[in-house]
Amino acid sequence: MSTKQTIAILGSGNIGLSLAKGLVKAGIYQPEQITLTRRNVKALSTLADNGYKVTADNSAAVKDADIVVLAVLPQQLNKLLHEIKPAIWEQKHLLISVISGVTCADIRQQLALEVQVVRAMPNTAIAIGQSMTCIATDNASAENMGTVKSLFDTVGVTIQINEELMTSATALCACGIAFFLRSIRAASQGGTEIGFHAHDALKMAAQTAKGAADLLLQLASHPEQEIDKVTSPKGCTIAGLNEMEHNGFSSAMIKGIKTSAEKAAVLYDKEG
């Protein structure tokens, strides 16, 4: 499925570049249909050699695009919106924001324009096409929501949620990558303590985690169902699980997610 639309990704860091590459790999876009912006365009030289358009001029990129992806840091957003406002056309442009803590209404308020805005929250697994991306809007058409879903489906799995849950999605899915990585790291350290070389322990822990996730996704199973299959009376698995719970394993994860959600809600300064 290809498209004739053009897309500008403003702030081409890890998320923006991974999205661009995913769209091309899926055959939806050709490199020349995608404009990437960055203050240091030299960092995009390899992509320019591969046919992508690159520029430091955000306003020019917007003028030439149908879809505009906002992929800067929250503290950089207001300056960016001020810069591109003269180039935004309400009837033409669809804005997609991947910026934490910024509502669709915030963006329209800063622009003073009734442009359609969709929020998307991918995670860093977008780099390998395995992102969990949540999307939401308060004014975009069903057609445009379908377009956004098709874009992010090229780099993982996409679900639509209510916009008031987007901050929570940031904590569970975007921050969550780090939480699961830390748990894998801890498991590998445990493996080293019981006798494995560090590199072997890490590989074993990571593959075990991947298998656990695939059990839930492929079998549509519940964690407790799969846990029951590996725990036996007076066995070593239940002994280990209970020791972790006594030390607050589940509680720590839950509290960490709640803390990240609270922090994500205040990252953006509307007056900044």
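Predicted model: local features only at pLDDT ≥ 70, side-chain atom pairs only at ≥ 80, totals over all residues.

Visitor: Which way does strand 5 run relative to strand 4, and how many bridges join them?

Guide: The general idea is that strands of a sheet pair through backbone hydrogen bonds, either parallel or antiparallel. Here strand 4 and strand 5 run parallel and are joined by four bridges, and in one of the pairings Ile 67 has Leu 94 of strand 5 as its bridge partner. For the other sense, turn to strand 6 (residues 116-121) and strand 7 (residues 131-137), which pair antiparallel over four bridges, with Cys 134 in strand 7 as the bridge partner of Met 121.

Visitor: In what order do the strands form the sheet?

Guide: Eight strands form an open sheet in the order 3-2-1-4-5-6-7-8, and the pairing is mixed. Strand 3 (53-55) and strand 8 (156-160) stand at the edges with a single partner strand each, so one side of each has no neighbour in the sheet. From one strand to the next, the twist averages 20°.

Visitor: Which helices lie across these strands?

Guide: Helix 4 (residues 74-84) lies across strand 1 (7-10) and strand 4 (67-70), and runs at about 155° to strand 4. Helix 5 (residues 104-111), in turn, lies across strand 4, strand 5, strand 6 and strand 7, and runs at about 135° to strand 6.

Visitor: How should I describe two helices that pack against each other?

Guide: Two packed helices are described by the angle between their axes and the distance between the axes. Take helix 7 (residues 166-174) and helix 12 (residues 249-264), whose axes come within 8 Å and cross at roughly 130°; the two helices are therefore oblique to each other, and their crossing is right-handed. Helix 7 makes the contact through Thr 167, Thr 170, Ala 171 and Leu 172, and helix 12 through Ile 257, Ser 260, Ala 261 and Ala 264. Sorted by class, this contact has five nonpolar, three polar and no charged residues.

Visitor: Finally, is Ser 18 buried or exposed?

Guide: Ser 18, whose place is in helix 1 (residues 14-25), has a relative accessible area of 13%, and because buried means under 20%, Ser 18 counts as buried. Leaving aside residues up to four places away in sequence, Ser 18 touches Ile 126, Ala 127 and Val 155.

How values were computed:
Residues numbered from 1 in each chain as written. Heavy atoms only, no water. Pairing = 2+ DSSP bridges. Axes fitted to C-alpha atoms, helices over the stretch in contact; angles between N-to-C directions. Contact = heavy atoms within 4.5 Å. Parallel < 35°, antiparallel > 145°, perpendicular 65-115°, else oblique. Left-handed = near helix turned anticlockwise from the far one by under 90°. Nonpolar A, V, L, I, M, F, W, Y, C, P; charged D, E, K, R; others polar. Buried < 20%, exposed > 50% of the residue type's maximum accessible area, 1.4 Å probe, protein only.
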